[in-house]
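Try each task yourself before reading its solution.

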Amino acid sequence: LQDSIHGTGATATWLEAVALYLEGGGERRYLQPLIDRFGTTPLARIDQGAIDRAARELKPDASAATRTRQVYAPIGAVLHHAAKRGLCEYRKIERPRQPRGRMRWLDPDQAEHLIEACAPHLRPLVIFLFGTGARLSEALYLDWKNVDLAARRVRFMETKNGEPRGVPLNERVIVELAKLDHRDGAVFRRPDGQPYARRRDGGGPVKTAFKGACRRAGISDFTPHDCRHTWASWFYSETRDIRALMELGGWRSMKMVERYTHLNPDHLAAAIERLPWTKTAQGQSESA
């Protein structure tokens with residue numbers, strides 16, 4: 001009766017929309033907290049205000065990027081799918097404005113100082129991060145079954161974008177991993193030998209130890225994730241291969257990797273020297 005009076009769009013619920021979305025092949029990741037939050041709430045009541053409140057309450061300490069990825073994007077995907085099937089009206093969801101991406105990286109000498117300052121349990125992890133460009137979560141929860149030292153490669157099965165990827169291992173990383181005294185379960189362990197507990201706060205499991213190493217090395221404003229920026233900067237500086245960087249680092253967007261080209265303009269030096277203004281200055285220098 002409700003449907004016949006008001007139409008399906010007025011009575012369809014969040015749970016119904018999610019079910020249809022998943023049946024259509026939608027991404028399940030990040031949906032469970034939103035299912036718990038909205039349950040049988042009618043879609044008509046999930047407006048901008050409701051979404052903003054959910055983002056603040058579900059992710060109170062998260063960055064704008066995390067809120068967008070884990071709240072706004074999945075809600076938008078479900079509502080868009082529901083609108084295409086007549087369960088609700090199309091609506092534009094405003095997402096939080098994200099600050100300009102932070103960029104911090106070390107030169108090789110600084111990286112060596114940091115490695116030397118690491119506690120024994122942290123050292124292999126930091127070398128691995130510098131050598132592979134892995135996200136911290138990808139490294140912390142890496143299992144030995146996905147590491148092949150003989151073939152010199154690692155496979156990350158749990159990634160940010162949900163797509164597994166393989167990365168070759170260089171000699172420095174292989175030597176360091178070979179020193180570890182276990183070959184099953186989690187590759188990287190806490191000081192007591194136990195695996196790191198799964199957490200959602202990024203560098204939380206190693207934050208204290210990493211900050212201590214940075215302090216001893218005389219390095220400021222540097223986080224575990226910045227090891228990934230460092231690897232990407234080094235890789236592009238050596239190869240100038242932006243597509244390979246995108247593939248090995250697991251970025252989906254070319255825009256995300258183009259920022260590393262701006263940090264390494266040395267390959268443009270020859271072109272700069274050919275500018276007419278530069279040649280004029282050279283002529284003046286020779287005649288002086």
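**Exercise 1: the core**

Task: find the largest nonpolar core and the residues with the most contacts inside it.

Solution. In this predicted model, the largest nonpolar core has 39 residues. Leu 114, Leu 125, Phe 128, Phe 130, Leu 177, Phe 188 and Phe 222 have the most contacts inside it. Next, see who contributes: helices H7 (108-117), H8 (123-132), H9 (136-140), H10 (171-178) and H11 (207-217), plus strand E2 (153-156), each supply at least two residues of this core. H8 gives the largest share, six residues.

**Exercise 2: one residue up close**

Task: skip neighbours within four places in sequence and list what Leu 114 is in contact with.

Solution. With those neighbours set aside, you're left with Leu 106, Val 126, Phe 130, Phe 210, Ala 213, Cys 214, Ala 217, Ile 219 and Phe 222.

**Exercise 3: the faces of H7**

Task: work out which residues of H7 are buried, and why they line one face of the helix.

Solution. Start with a cut-off: buried means under 20% relative accessible area. The residues of H7 that pass are Ala 111, Leu 114, Ile 115 and Ala 117. Now look down the axis of H7: these buried residues fall within an arc of 165 degrees, so they line one face. Asp 109 and Glu 116 are exposed on the other side of H7. As for partners, the buried residues of H7 pack against H8, H10, H11 and helix H12 (226-239).

Note on methods: Residues numbered from 1 in each chain as written. Predicted model: local features only at pLDDT ≥ 70, side-chain atom pairs only at ≥ 80, totals over all residues. Heavy atoms only, no water. Core = buried A, V, L, I, M, F, W, Y, C linked by side-chain atoms within 4.5 Å. Buried < 20%, exposed > 50% of the residue type's maximum accessible area, 1.4 Å probe, protein only. Helix = DSSP H or I, 4+ residues; strand = E, 2+ residues; numbered from the N terminus. Contact = heavy atoms within 4.5 Å. Arc of directions from axis to C-beta.
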